[in-house]
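Please open the model in the viewer and keep the selection tool at hand. The stops below are meant to be followed in order.

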Amino acid sequence: MKKCILVLLAVLCLTGTAFADAKIGYVDLQKALNQSKAGVSAKSEISGLVKKYEDQFKQMQEDLKTQKTNLEKQAGILSESARADKEREYQQSVKELQRFQKDVKDELQAKDADHTKRIINELFDILKKIGKDGGYTVILEKNEGAVIYADESIDLTDQLIKRYDAAQK
């Protein structure tokens, strides 16, 4: 992708007349994603889930610590088979905690990816309209490495955020 953009810019530079007529802009999609109302809302939703799962995880850790403490206290008075059973129960609880942690991580990553994909697709649709309405020849993404320097006057990020937020109402 970066190579295609650089080749496109090189071709535009080599064809002087085409370059003179070219209107170029850039956008910071990460900023648009983070500062748009939908992006802020998605972050808030995920933060709420993180807090909820952190509380559950802490409770499970406390239960596990209690279970281990009880096992250590009872180790001397339990029979060999009873102690083995308690150790298996403890190891099963450890596995459940690890499974819970992995499942939560996967769920949060999936939700974040879903929100990001949806918002980015919506931003692209609006960005295409901005490009067409504004007569832009090329609009580059700032964070993809293709933009080394650009005057802020051609930064379309704030315009994109405003139009996106307006379209969400």
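The model is predicted, so local features need pLDDT of at least 70 and side-chain atom pairs count only at pLDDT 80 or more, while totals for chains, interfaces and linings use all residues. Residues are numbered from 1 along each chain as its sequence is written, and side-chain values use heavy atoms, with hydrogens and water left out.

Select helix α6, residues 157-167; helices are DSSP runs of H or I of at least four residues, and strands are runs of E of at least two, numbered from the N terminus. Its buried residues are T157, L160, I161, Y164 and D165, where buried means under 20% relative accessible area, exposed over 50%, and partly exposed in between (1.4 Å probe, protein chains only). These residues lie on the same side of α6 because they cover an arc of only 125° around the axis, taken from the directions from the helix axis to the C-beta atoms. On the face turned away from that side, select the exposed residues K162 and A166.

Next, show what covers the buried residues of α6, which includes β1 (24-27), α3 (29-35), α4 (37-74) and α5 (80-134). Within α4, the buried residues include A38, G39 and A42; the buried residues of α4 pack against α3, α5 and α6.

Finally, select T157 in α6, which is buried with a relative accessible area of 0%. Leaving aside neighbours within four places in sequence, T157 is in contact (heavy atoms within 4.5 Å) with Y26, V27, D28, K31 and A32. A polar atom of the T157 side chain lies 2.7 Å from the backbone nitrogen of D28.

Methods
A polar contact is a pair of N or O atoms within 3.5 Å; within protein, one must be able to donate a hydrogen and the other to accept it, and residues adjacent in sequence count only if both atoms are side-chain atoms.
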